[in-house]
Structure formats: structure tokens, C-alpha cells
Amino acid sequence: MPQDADDQTCAMSGAAELRRIEFECIVLEVIDGPDAGLCTKVSAPSLQLGSAADNDVVLTDPTVSRRHAEIRITNQGLLVRDLGSTNGTFCNDVRVIEAFLKPEMTCALAGTKLRVTRELETRQYSLGDEQRLGGLVGGSKPMRELYGLLRAVAPSAATVLIRGESGSGKEVVARTLHALSGRLGPLVVFDASVTDPEMVRNDLFGHVKGAFTGASGAREGAFRRAHGGTLFIDEIGELPPDLQPRLLRALESREVMPVGSDEPLKVDVRVLAATHRDLDAMVRDGTFRSDLFFRLSVITVPVPPLRVMREDIAHLAQHFVEQLGLGCGLSQAALDALTRYHWPGNVRELRNVLERAAVLCGGRAIAPADLGLPMAMDPRADDPETGVAEGDAVPRSDVPAHLRQLERQMIEQALTRNQQNKSAAARDLGISLSTLKRRIAQYGL
């Protein structure tokens with residue numbers, strides 16, 4: 001996992017600072033059998049061995065089954081599991097179905113004897129002078145740290161946990177990782193914060209025809225749609241407890257069991273997960289499985305909040321003005337106001353503030369008063385006599401009717417997108433919860 005920045009620095013080369021990241025790897029050496037001398041290192045949480053060409057390690061021994069065994073990294077150590085082979089899997093000459101490998105143990109798959117160990121592989125990456133990477137924009141040191149880490153992590157098959165505050169751009173990080181990974185399949189985004197556990201299970205793993213009333217056809221589910229590509233599970237901290245072991249099994253076995261099916265289906269998927277919640281605390285509280293957390297956090301990618309990248313704010317603002325086709329400029333005073341603000345809603349809030357300001361400015365350059373930020377507010381804010389509420393640049397009575405109607409529509413759409421969850425809708429809109437509640441009351445929503 002990434003270490004603290006000071007611990008990661010290992011060298012300087014001209015202007016490029018070098019960092020290092022450690023991957024946990026499975027090292028496998030064939031010490032007896034037709035493939036003796038074969039040695040491989042896999043930076044993934046598990047690998048499958050057998051004679052079939054689609055195994056991670058292909059063995060030519062005719063006594064080895066097509067899909068013979070699996071070796072997996074767990075928080076208790078290396079685990080070997082027989083996959084129903086004909087001639088068996090052995091640890092120190094004892095046939096096993098499943099066993100933990102101690103350092104001095106040898107493992108045999110029929111007539112092939114193996115030595116399997118676990119080690120850390122260190123990779124170096126540098127901080128360049130990039131101003132953007134994929135959909136990510138910014139040239140501050142925290143962003144360049146992020147770019148270097150993403151380039152180092154992307155080619156690995158390891159599961160990645162993306163951690164950051166709401167609105168910080170975790171999905172953009174996931175899209176960038178997928179784009180750099182070289183995987184040919186699609187990126188599939190799955191939101192784990194859906195409130196109905198059965199809907200989550202169905203959308204994640206799919207179902208067969210007739211699995212339940214109304215299932216007139218089969219559904220693939222997110223795992224199977226992402227076959228050959230990447231599955232990004234957003235808000236993993238919201239995954240219902242009873243579905244956590246199902247997800248763990250899918251990650252470990254690389255198989256999914258659709259609802260109503262008796263047969264598991266193989267999937268080739270690289271999983272990225274994201275959360276703004278403190279999963280370490282959830283593990284301590286017993287609300288998130290420790291083994292699932294271990295499986296997801298093979299590599300952790302922290303996404304910096306916008307407030308620590310103030311030098312990027314003006315660049316990001318100009319980027320959004322152009323990307324969204326807002327048809328207006330930004331005054332220097334507005335850029336100064338944007339830079340001073342602390343951005344609790346991060347990049348998402350910045351984008352929403354600019355979209356709203358573009359409506360209010362009517363085509364002229366955006367001014368501080370158009371932004372609706374606390375520092376740009378009328379000093380009479382929250383004064384019941386003037387009608388100016390927190391988050392408003394001007395009294396509500398002074399806002400044209402068509403703009404109030406547009407704001408009402410934006411709120412309705414945000415509430416619909418977030419299943420009427422007001423906290424989530426407020427984050428989506430980049431406003432405080434108290435402001436959203438006032439708007440809901442004002443518009444009679």
C-alpha cells in the first residue's frame with residue numbers, strides 16, 4: 001500500500017522526485033516435474049494453476065487437471081485450495097482440499113511439486129510536471145503524486161481501494177486507472193449505496209430467467225458486463241452486511257452466482273472500489289468485514305481534497321467553463337473568491353457552483369456575487385427580514401422566476417437521482433444540507 005509521502009521518497013533524479021509503492025506478490029517455483037525450473041511472480045491476490053490455457057500458471061504435466069488448484073493471499077497467510085482435481089493436491093505429502101501453506105511446506109499438484117512464497121515487490125514511480133492525466137486536471141504536487149501512483153498501479157491486476165471525500169473525483173480516478181490498465185473490456189460502474197439489498201444483489205450478480213416473479217428474461221449483472229474489463233464499485237462502505245460475503249467470494253473465486261442459478265459463472269474482472277467512509281473504523285465496529293477490507297485494499301489510492309490544491313482551483317474552474325460550454329468568462333475577483341473558499345464538497349461542488357453562476361450571470365463574466373459562496377454573500381445573510389439565506393448571493397425575491405424554476409428542477413432531479421436522500425442530493429448539488437432543506441420548503445417539494 002502507499003506509504004506516507006516522506007517514507008515513499010527514495011531518490012532524486014534531476015527535477016523528478018522518485019516514489020515507491022509495494023505490491024504483495026505470490027512467488028511460485030516448480031521444483032520437480034515436467035516444468036521443473038519454472039518460476040513466476042504474480043502481483044495479484046490469487047492465481048489459478050492447471051493444464052488449461054486460461055490458467056494464470058499453465059502446467060504441462062499430464063497428471064495435472066485442467067483447473068487443478070488455486071493459491072490465494074489471505075490475512076492469515078497463503079491458502080491453497082484444490083478445485084476438484086483428479087489426482088489431488090498435497091501439502092507435505094498429505095492430500096488436502098484446502099490448507100494454509102507454512103514457509104517450510106512443499107505443495108504438490110499430482111506429479112508436480114511446488115514451492116510457494118509470498119513477498120513484497122517494490123516499484124518506483126516519478127513525479128513529473130504533468131498538468132492533467134486522463135480526466136484528471138491539476139498540476140499541484142498532490143495531483144502529480146496521484147498521477148505517478150496511478151501510472152504505477154494501473155498495469156497491475158491487483159484490487160484497488162480509492163479513498164477520498166465526497167465529490168473529490170474518485171470515479172474519475174477509476175476511469176483513469178481503467179484507461180491506463182490496457183484491459184480491453186469495458187469499465188462498468190456500480191453504485192453500492194442503493195437501499196434495497198435484493199436490488200444490489202440482482203444488479204451486481206445478475207439473475208436467470210424465472211428466478212423471481214417478473215424475471216421474464218436473464219440479466220447479466222455488473223460483474224458479467226465487466227468481463228475482460230474493470231468493475232468500479234462506488235460507495236463500497238454502503239454495501240449491505242449480508243452481501244459482503246457474496247462479494248468476497250466473487251473476488252476470491254472469480255466466479256459469480258446469479259440469483260436463481262445453481263451453477264457459478266467464471267468472470268475475468270479487475271475490481272476497483274471507492275468510499276468516503278472510514279472503513280478501518282467500520283471494521284472495528286463490526287459493520288464491515290475485515291476479510292473483505294483486506295481483499296479490497298491490496299492497493300490504496302488516496303484522492304486529495306480540493307482545499308489542499310488551491311493552486312489548481314483556477315485551472316479547474318477554467319476547465320469546467322470550457323468543458324460545460326457555459327458561454328461566459330470568469331472575472332479575476334471571482335477566481336480569487338473561488339481560491340479562498342474551503343470547498344467542503346470538493347470538485348463536484350466547484351462544478352455545480354460554476355453551472356449555477358453561469359445561469360445567474362446572464363452571459364457576462366462571472367462575478368463573486370454570482371457564485372453564492374459564503375465570502376461573496378450579502379452581510380445580511382440568514383436575516384429573516386431580507387430573505388437572504390445561507391448559500392444565496394442575492395435575496396430570493398430578486399432572482400428571476402425562470403431561474404427559480406431552473407433551480408427547482410435541478411433540486412427535483414438531484415433528489416430523484418439519489419432516491420430522495422437529502423444528504424446525498426446536497427452533496428450532488430454542492431450545497432449544504434440546511435440550504436437544500438430550505439429550498440425544499442420554499443418550493444413545496
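Predicted model: local features only at pLDDT ≥ 70, side-chain atom pairs only at ≥ 80, totals over all residues.
Five strands build it, as an open sheet with parallel pairing, and their order is β16-β17-β20-β15-β21. At the edges sit β16 (187-191) and β21 (299-302), each with pairing on one side only. Ignoring direction, neighbouring strands are turned by 20° against each other on average. As for what holds such strands side by side, strands of a sheet pair through backbone hydrogen bonds, either parallel or antiparallel. For V160, the bridge partner in β21 is I299.

Then there is helix α3, which spans residues 170-181 and lies across β15, β16, β17 (230-234), β20 (270-275) and β21. Relative to β15, helix α3 runs at about 150°.

Now for the aromatic rings: searching the whole structure turns up 2 aromatic pairs. One of them joins F205 and F223, whose rings are stacked, with 5.9 Å from centre to centre and 5° between the planes. Because F205 belongs to helix α4 (residues 197-205) and F223 to helix α5 (residues 222-225), this pair ties together parts that are 18 residues apart in sequence. Both partners are tucked away from the surface: F205 is buried at 4% relative accessibility, and F223 is buried with a relative accessible area of 2%. Y341 and W343 make an edge-to-face pair, since their ring centres are 4.6 Å apart and their planes stand at 80°. Y341 and W343 are buried too.

Note on methods: Residues numbered from 1 in each chain as written. Heavy atoms only, no water. Phe/Tyr/Trp six-rings, centres within 6.5 Å; stacked < 30°, edge-to-face > 60°. Helix = DSSP H or I, 4+ residues; strand = E, 2+ residues; numbered from the N terminus. Buried < 20%, exposed > 50% of the residue type's maximum accessible area, 1.4 Å probe, protein only. Pairing = 2+ DSSP bridges. Axes fitted to C-alpha atoms, helices over the stretch in contact; angles between N-to-C directions. Contact = heavy atoms within 4.5 Å.
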